[in-house]
Protein chains: 2
Amino acid sequence: MGTKERRVREVAGREHLFLDAARDLIRQDGLLNLQMARIAEKCDYAVGTLYQHFASKEDLLVALSADNSQHRVDLFRRVGEWKAGTRDRMVGIAVADLMFVKLYPEHFRLAQLAFTEVVWKAASPERRRMALEAGEPLGQICDNIVEEAVRCGDLRLKGMTPQEVGLGPWALTIGTHTIVHVDGVLEQGDIGDPYRLMTRHLHYLLNGLDWQPLFDPSDEAALDRMIKGICTEVFNDIVCQ
Amino acid sequence: MGTKERRVREVAGREHLFLDAARDLIRQDGLLNLQMARIAEKCDYAVGTLYQHFASKEDLLVALSADNSQHRVDLFRRVGEWKAGTRDRMVGIAVADLMFVKLYPEHFRLAQLAFTEVVWKAASPERRRMALEAGEPLGQICDNIVEEAVRCGDLRLKGMTPQEVGLGPWALTIGTHTIVHVDGVLEQGDIGDPYRLMTRHLHYLLNGLDWQPLFDPSDEAALDRMIKGICTEVFNDIVCQ
DNA sequence: GGCGGATTTTGAACTAGATTCAAATTTTGA
DNA sequence: TCAAAATTTGAATCTAGTTCAAAATCCGCC
């Protein structure tokens, strides 16, 4: 017995095989040149087999994006479980993202494409559902931090829901990713490390929300100390900087 | 004489004809189903003629996005020239964007696609340059507001460049657009009008930056009054709400 | 007006690459 | 060992973007 299960495992394993191959090919030749036939070939399978797993190329792209975000969730979770003040943890989320970008530099370009109407709508409904589910914990973790902040008196909601409070930092982060990944946009300005700057703006936003304890991010040394501190405390085992 | 010029004008006109047709088709059948042959057909031209204007489909998409952003610039410019305090004008920029989304609901979906690596890199370099140029005034106008705020004492840069200050609100805005336009993401949360919320977060951010005069956005009535006020003062002639 | 070269337009033909599906192969259970 | 079921295969199909040689039009000149 169990041969049925073994088969299921084999098939699931192959799904990852395909996704990894796709990731490699993207790294190698760029998103632009990703071809279904090449993915199959690289794995020594026929294209038909690839299509047994993914209903279409778009389906595969969404799957790949969802798969990546598993790693993002892992980083977020560390921050969620970090024993620290709520404000530090909120900033920690941003640092986690910063970390994530460093570890998976191609992810946001892919995600940007995957969530594009053209790709998103062409993926299968199940795949879309899975991709949304894969991202859900991210919001969950943020919400938890906001809720705890309210409970322990670091923050007052002032008529917003926790989700609504979270949307501010969230939008700031997403927006920064978007700006960073569209090349040409940042070049025309006079801007240093955009992610460091994002952290700074996040602090301004949190100050504006009166999230205790207030922090002065114009103190560059203190800001750096804080980021570095989060890196060593939470992401100790991962290369930092 | 002048017949050469007339020809140039005709060709330029045709470019708009094509872009308008593309816009129509997108509105009608969705970005997903946009086909070059259809665009040409709709304008009673052969595909070859269409390709005389746009090097590729991607080229056309980027051109369309750039063309749209002309309208966005127009709205921003109004805010830039508005006789009001610098803080009100900064918020006005966000309201302008809010306005723009209402007037051109398809724009951000298109822009999201156009700035995607796959499309962006496949467009011609000139087109990319033009698209960046078309967007430049947006940043310019923001920078001006920041600079004026510094001059008149409403704001202190605290070691940032004006661009760096502007990047915060900018990222917040872009991020909100991105979140709003990926369907399925917002549904799972418990969030009201996301753009109204964005305005609120923008105020928190500006408060955090200590941009004078401070404003309490948790006073919902005052927030609404402010948004409404900007609409009537700056966008008087455009339908509001 | 009519002529000849230059320019523009045309759309059928070409192409790349995603997708399909009937045949071949492998697995399963008796 | 065998046949039905499930899986894999990859050549064939299909779709839509792109090209380019021929046709049409424009232009200056006689």
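Rings of Phe, Tyr and Trp count as a pair if their centres lie within 6.5 Å. Keep that in mind for the close-ups below, which come from a predicted model.

**View 1. An aromatic cluster in chain A.** Here A:Phe100, A:Tyr104 and A:Phe108 come together as one aromatic cluster. Over all chains, the structure holds eight aromatic pairs.

**View 2. B:Phe18 meets B:Tyr45 edge-to-face.** The two ring centres are 5.7 Å apart and the planes sit at 65 degrees, so this pair is edge-to-face; the cut-off for that label is over 60 degrees. B:Phe18 belongs to helix α1 (residues 3-29) of chain B, while B:Tyr45 is in the loop between α2 (36-42) and α3 (47-53) of chain B, so the contact ties together parts that are 27 residues apart in sequence. As for burial, B:Phe18 is at 0% relative accessibility and counts as buried, whereas B:Tyr45, at 32%, counts as partly exposed.

**View 3. B:Phe115 and B:Trp120 make a tilted pair.** With centres 5.1 Å apart and planes at 45 degrees, these rings are called tilted. B:Trp120 is buried, with a relative accessible area of 4%, but B:Phe115 is partly exposed at 25%.

**View 4. An arginine over a tyrosine ring, in chain A and in chain B.** In chain A, look for the charged end of A:Arg14, which sits over the ring of A:Tyr45, 5.0 Å from the ring centre. Chain B has B:Arg14 with its charged end over the ring of B:Tyr45, again 5.0 Å from the centre. That B:Tyr45 ring also pairs with B:Phe18.

Technical notes
Residues are numbered from 1 along each chain as its sequence is written. Chains are lettered from A and ligands numbered from 1 in the order in which they are written. This is a predicted model: local features need pLDDT of at least 70, side-chain atom pairs count only at pLDDT 80 or more; totals for chains, interfaces and linings use all residues. Side-chain values use heavy atoms; hydrogens and water are left out. Rings of Phe, Tyr and Trp (its six-membered ring) pair if their centres lie within 6.5 Å; planes under 30 degrees apart count as stacked, over 60 as edge-to-face and the rest as tilted. Helices (H or I, at least four residues) and strands (E, at least two) are DSSP runs, numbered from the N terminus. Buried means under 20% relative accessible area, exposed over 50%, partly exposed in between (1.4 Å probe, protein chains only). A charge sits over a ring if NZ of Lys or CZ of Arg is within 6 Å of the ring centre and within 35 degrees of the ring normal.
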